[in-house]
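Here are a few exercises to work through with the model open beside you. Try each one before you read its solution.

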Amino acid sequence: MPKDYNLTPKPGKRISLADHDPNYHADHDEESARAELAILREELDEWQERLYAEGKQSLLCVFQAMDTGGKDGVIKKVFETCNPQGLRVASFKAPTSDELARNFLWRIQNQVPPKGHIGVFNRSHYEDVLVVRVNQLVPKKVWKARYEQINEFEQLLTETGTTILKFYLHISKDEQKQRMEDRLADPKKQWKFSMGDLPVRERWADYMAAYEDAIGKCNTEAARWYIVPANHKWYRDLVVMKAVVKALEQMNPQYPPPEAGLNQVKIPD
Ligand code: AMP
Ligand code: MG
């Protein structure tokens with residue numbers, strides 16, 4: 001296992017996913033990671049309350065991963081105790097004909113969290129330079145232009161009060177095999193398996209190349225990518241939770257000041 005792991009590569013650098021060990025877990029074990037997660041969850045809840053009360057800025061967390069990479073799991077583990085009123089989760093599937101009739105960012109823009117909210121994207125506009133690129137669903141010229149279009153879109157969001165965190169959950173091909181076998185064997189998990197996941201797995205190398213470009217070309221100062229080591233679910237959850245809490249700390253939302261004269265108010269019988 002490499003001693004150091006570059007969780008947040010510098011903008012402008014080419015990305016090599018082979019240099020990121022999906023098994024990495026720093027000096028944590030499951031017990032210590034779960035214990036720290038529980039403490040941070042309480043901090044997150046407090047920050048979310050303040051963000052909502054302040055109502056001036058929003059946080060958007062984007063999750064991308066290969067099938068079984070843990071998008072559903074990490075969303076549940078990190079945000080499960082948040083106040084649902086201030087949380088918006090959007091899952092992006094293959095676009096409908098209505099969505100395809102617009103530009104690729106139209107359906108995304110529509111789900112951007114309003115001020116005071118945390119938004120969570122389970123898949124995102126990045127699918128339009130991942131599955132769309134690998135399967136050549138549009139001409140190369142079209143998807144190539146999207147990296148810059150995405151950067152400009154994300155820049156607009158950050159300039160208008162939305163902090164963006166982007167998480168790539170990095171699992172190994174072996175780990176995916178194990179998780180797919182688990183899904184097939186467990187009647188409660190079979191619904192998560194789709195025959196369509198197999199041809200995607202076959203093109204693993206093409207997807208890794210597409211991810212390297214997506215992360216490398218869209219890793220801007222305004223919206224950084226996290227390459228989360230995700231073979232260990234407990235470490236994955238902790239890494240994401242830490243990043244979310246840190247971002248909220250930096251956003252530092254404040255409870256609004258009370259209305260003038262509150263100290264004079266007497267509530268009538
Ligand atoms: P799941 O997340 O397992 O429910 O699967 C959603 C499916 O929708 C995945 O196979 C994605 O690749 C696919 N998908 C999401 N966004 C797009 C897109 N923009 N174009 C084509 N397929 C997409
Ligand atoms: Mg799936």
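**Exercise 1.** Which residues lie nearest the centre of the second largest pocket, and how many residues line it?

*Solution.* First, some ground rules. This is a predicted model, where local features need pLDDT of at least 70, side-chain atom pairs count only at pLDDT 80 or more, and totals for chains, interfaces and linings use all residues. Residues are numbered from 1 along each chain as its sequence is written, chains are lettered from A and ligands numbered from 1 in the order in which they are written, and side-chain values use heavy atoms, with hydrogens and water left out.

Step 1: the lining has 14 residues, and L165, R224, Y226, A247 and Q250 lie nearest the centre. (A pocket, on a 1 Å grid over the protein atoms alone, is an open set of points where a 1.4 Å probe fits, with protein on both sides within 12 Å along at least five of seven lines; lining residues have an atom within 4 Å of a point.)

Step 2: look at which elements contribute. β4 (162-170), β5 (223-229) and α10 (233-251) each give at least two lining residues, and α10 has the largest share, with five. (Helices, H or I with at least four residues, and strands, E with at least two, are DSSP runs numbered from the N terminus.)

Step 3: sort the lining by class, and you get seven nonpolar, four polar and three charged residues.

**Exercise 2.** Find the side chains that make polar contacts with ligand 1.

*Solution.* Step 1: list the surroundings, which include F92, P95, R107, E127 and L137.

Step 2: check the distances. (A polar contact is a pair of N or O atoms within 3.5 Å.) A polar side-chain atom of K93 sits 2.4 Å from a ligand 1 oxygen, and one of R123 sits 2.6 Å from a ligand 1 oxygen. On the nitrogen side, an N or O atom in the D128 side chain is 3.2 Å from a nitrogen of ligand 1.

Step 3: ask how covered the ligand is. On its own, ligand 1 has 500 Å² of accessible area, and the protein covers 73% of that. (Areas come from the Shrake-Rupley method with a 1.4 Å probe.)

**Exercise 3.** Is T162 buried or exposed?

*Solution.* Step 1: locate T162 in strand β4.

Step 2: its relative accessible area is 5%, so T162 is buried. (Buried means under 20%, exposed over 50%, partly exposed in between, with a 1.4 Å probe and protein chains only.)

Step 3: look for a partner. The T162 side chain has a polar contact of 2.9 Å with that of S58.

Conventions. Near = heavy atom within 4 Å. Polar contact = N/O pair within 3.5 Å; in protein donor to acceptor, adjacent residues only side chain to side chain. Nonpolar A, V, L, I, M, F, W, Y, C, P; charged D, E, K, R; others polar.
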